[in-house]
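Please examine the sequence and the model below before reading on.

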Amino acid sequence: MKYDHIMVRFGELSTKGKNKNDFINTLFKNIIRALKEFKNLKYEKRYDHIYIILNDENPDDVLLRLQDVSGIYALSLVYKCENDLNQIKQASLELIKQEEGKTFKVKCKRGNKRFPIISDEITRHVAGNILSNTSLTVDVHNPDITLSIEVRDEGTYIFTKTILGAGGYPLGVGGKAMMMISGGIDSPVASYLMMKRGVTIECIHFASPPYTSEAVIYKLNDLLHILNKYQPRIRLHIVPFTNLQLEIYKHADESYAITIMRRMMFRLATILAKRRNCPVVASGESLGQVASQTVQSMNVINEVTNIPIIRPCVVMDKTDIIKIAKRIGTYEISIRPYEDCCTIFAPKNPKTMPRLDECKAIEEKFDYQSLISEAINNVEVKIIEEDNQDELL
Amino acid sequence: MSKLTMANRIIYLDNAATTKVDPEVLKSYEEVALHHNGNSSSIHQVGMDASSLLEKGRNQVLSLLNVSRTHQCIFTSGATESNNLAIKGIAFNYQNRGKHLITTVIEHPSVLNTFKQLEELFGFEVTYLKVNEKGKVNPLDLAKALRKDTILVSIMAVNNETGAIQPIEEIADILKDHPKVYFHSDIVQGIGKVDIPFSKIDLITFTSHKIHGLKGCGCLIKNKSISLTPLNCGGGQENDERSGTNDVAGIISFAKALRITLENQNQWRYHIKNLIQPLVDYLKNNTELYQLNSLPEENPYIVNFSLKNKKAAVVVEGLSREGIMVSSVSACHSKGERMSYVIYEMSHDPNLSHNMIRISLSKDNTEDDITQLIKKLDQIVKGIR
C-alpha cells in the first residue's frame, strides 16, 4: 500500500497568536515554490497542518527537498482513508506489514468528535486486528513501530514514521538583514542560520581588485547559489574597497590595520543596510577566531555603528560551523583557495586588544569619509537566483 | 565512391557501437567551443567563465544521477580511460590492503585487458567470475570469491554484446558488508536504458557518444571517500586525479546529452520495446536458422542472435550492401577471424560464438527499419550457401 500524502507540521508557529495565519501563508507559499519541479503535487492548507497530495511523485525526493524549508517542524508520509472503522483497521494492518520490527504501539487522536468511536477504542480495534493478523507484539514503552492515527473532519490519516524538518520560521516572516559575506566558511553558515530564523538576507562583499581575484566573485556566486535553495533570490552588493584599504595601510600602524579596516566595513555595511531598509547587519564572526573577533576588538569595531549586529556563529566552535557548512553544501566551495580582502596585507601581529582612542587618532589622519562615499557610490549589484535550466546544458 | 552509396538510405542498427549525435547537443558544443573557449585552469575572466561553466556541467551530471551528496565526477576522454583510471587507480592506491581483484569473463576489453595488465606487470591476482547461459553473473559466486585481500570488484551493468543486465543491486548489497572492497561498474550500455542504483556503486563509468553525444568525452563518477592514483600526471586538473586541459565544450555537450537521455528514457524504452517485437518473433519462429542470445524483454536495446549454419561475416557484409548496419563480433576487435568470447562463455559453442550478430537500437530507429531488416536478413540467410 502506498502513502499518498505528506503531512507537514509547524514548529514554533503555534506560539504566534494572531500572526499565525501570516506565518502559515508564507510557509505555504515557500513550500509550493520549493517543490515546483514536482508538477503533479497538490496542496491543502489547514489550520494546524499542510497536506501535500503526492499523486505518484516520488515521496523520498519530495521529503528531501522539504527538509530545506524552514518553518517546518516535522514531516510524515501519511495514508488517507475515510472516517470508517473498517477502512482504518484494514489500512493500518497493510501499512504496518510494510514496516520492519517485532513490536508496535498504536496512537490515536480523534480531532473529529462527531466520529462515534473514542480514540481509546479505535486503538484497541486497530491493535487487535494487527495482533491477530501478524506476528507483531505490543510494546507501549519502546515499540519498534509506532502507528499513528488521526481522525479529522475530512478523513483519517495514518502514518508510521516522522522525520524532523529544518525548524525555525518560514523565510520572509522575520524581515531583512544586510549580511557581510567574505567567501569563507563562516559567513555562508551565518547566512543560512539567519534564513532559518525567517530572515531574508542581502549580502555585502568587500572587494579589493586587483589584490583580490575576480575568482572570489565567482566563488560567492556559487556559494549564494547553494543558499538559493533556501532563499531563491539574493542581492549581492560588491563594494570596491581597494582605495580605502590602501589609505588605511598608508596611515595606520600595521598592527591596527585590520581593526581600522573592520571599522570601515561596518560603516559601509551600516550605510547600505539603512539604504536597503535592513534593520540589522549580520556577520559570520565567531568569538576568538581571529584578532578582530576578540571581545575587545568587537567592542572597538562595533563602536562605529548603532545598528544591531547579529552574529549567528558567535559562540560556535569552528568544528560545529564546518559541520553545518558540509551539511548545507557550502564547505567545498568555501575552501577554494582565494584571497579575500581580510587576508591580503594581513599583518604579522594584529592587535587582539585594540584601543578605541588609538583607532580614533589613526582615523583623524586621513579623509575616510569621502573614500566611504566613493565606495558606496560605486557599489556593483548582482542578483543571484535559482538557475533556470541553462540552455547550453 | 564508397559502398555506402549502393543503397538508397542507411538503416543504422549498431547503436551499441556509437550513436548519432543529437543536433541540440552539437549546438551546445559549438556555442561553448566558439564563445566559452577559455582554459578552465586560467585565472583570468575568460578562464573563470570556462571553469564556472565546467562546474555547472559537473553538478548537473551528479544531480541527474542523484548522487551529488556522496559522489564526485571526474571527466575523462571516454569510457576506456574511465575504466583504466578506476581499476588501476584503485589497484595502485590500495595495494597495501591486498592485491586481489574480482571481475567477470564478459567485461568489455577496456576492463579485461586492464586486469590482464595488472596481473602480468604488477603482480595482482584476479578472479574472473563465470556467467550462466543467459550471460548473467551469479551474485553468490561473487560472495564466494571475496577474500580478505580483495580490494576491488568490477562488474558491468549491461553487457555490450548481449545486453544482459547484471544483478548490480544484489552485488552492491553483498559488498555493503565489505566496506573495504570498492565496487566499480561500467554502465556504458546501461545508462538511460535500464534502472541502475547509482548511489550504491563506488565508481561508475559511462561515456557521451553512446547517448547521442560526441566522441572523446566520458566520465568516472566516484565516491568522495575514495582516492585514486592518477594515470595522467600533470597540472592537477580534476582534483589531481586526471590531469590534462578540460574539454569544456565536450563536457557541456555531454551533460546535455545525459539530461536529454534521462528525461526521455521511459518514452524511448517503450518505443524500442514495441519496435523490436516483430524481429524477436521472426527469430523465435525460425529456430532452425537462429538462436536468440539476448533477453529483449529485459533490455530491448540489444537483440543478439547466432546463425546456426551460416557465416555471420557474410550476412553482415550482405546487410551492409543493402544499407543495413549491424554488428558481428564486437566492434572493438571485429577485424580478423575472432569469435565472441561473451557468447562462448554462455554457450561454450565455437560455431555460435563465431556467427553472432548484434542488432542494437536507438530512439531514432523506426518500424520500417525493422521491417527492412527482417526482409533482407531472411533473403540473405536463405540465399547464401
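Which residue is the bridge partner of B:Val153 in S6(B)? In S6(B), that partner is B:Phe183.

## Basis of the report

This is a predicted model, in which local features need pLDDT of at least 70 and side-chain atom pairs count only at pLDDT 80 or more, while totals for chains, interfaces and linings use all residues. Residues are numbered from 1 along each chain as its sequence is written, and chains are lettered from A and ligands numbered from 1 in the order in which they are written.

## The sheet of chain B

Strands and helices are here DSSP runs numbered from the N terminus (strands are E, at least two residues; helices are H or I, at least four residues), and two strands count as paired if DSSP finds at least two bridges between them. In chain B, 7 strands make an open sheet of mixed pairing, ordered S2-S8-S7-S6-S5-S3-S4. Strand S2 (71-76) and strand S4 (125-129) of chain B stand at its edges with a single partner strand each, so one side of each lacks a neighbour in the sheet. From one strand to the next, the twist averages 20 degrees, with axes fitted as lines to C-alpha atoms (for helices over the stretch in contact) and angles running from 0 to 180 degrees between N-to-C directions.

The pair that holds B:Val153 and B:Phe183 consists of strand S5 (residues 150-154) and strand S6 (residues 182-186) of chain B, which run parallel and are joined by 3 bridges.

## The sheet of chain A

Chain A has an open sheet of 6 strands with mixed pairing, in the order S14-S13-S10-S11-S12-S15. Its edges are strand S14 (309-310) and strand S15 (380-385) of chain A, each of which has a single partner strand, so one side of each is left without a neighbour in the sheet.

Within chain A, strand S10 (residues 176-180) pairs with strand S11 (residues 200-207) in the parallel sense over 5 bridges, and A:Met179 stands opposite A:Cys203 in S11(A). Helix H6 (residues 215-227) of chain A lies across S11, strand S12 (233-240) and S15 of chain A, and runs at about 160 degrees to S12(A).

## Domains and chain contact

Chain A is divided into domain 1 (5-167) and domain 2 (176-385), bounds that come from an automatic or database domain assignment. The centres of these two domains of chain A, taken over C-alpha atoms, are separated by 44 Å. Their contact takes 6 residues from domain 1 of chain A and 6 residues from domain 2 of chain A, where contact requires C-beta atoms, placed from the backbone, to lie within 7 Å.

Between the chains, 7 residues of chain A are in contact with 14 residues of chain B.

Note on methods. Contact = placed C-beta atoms within 7 Å.
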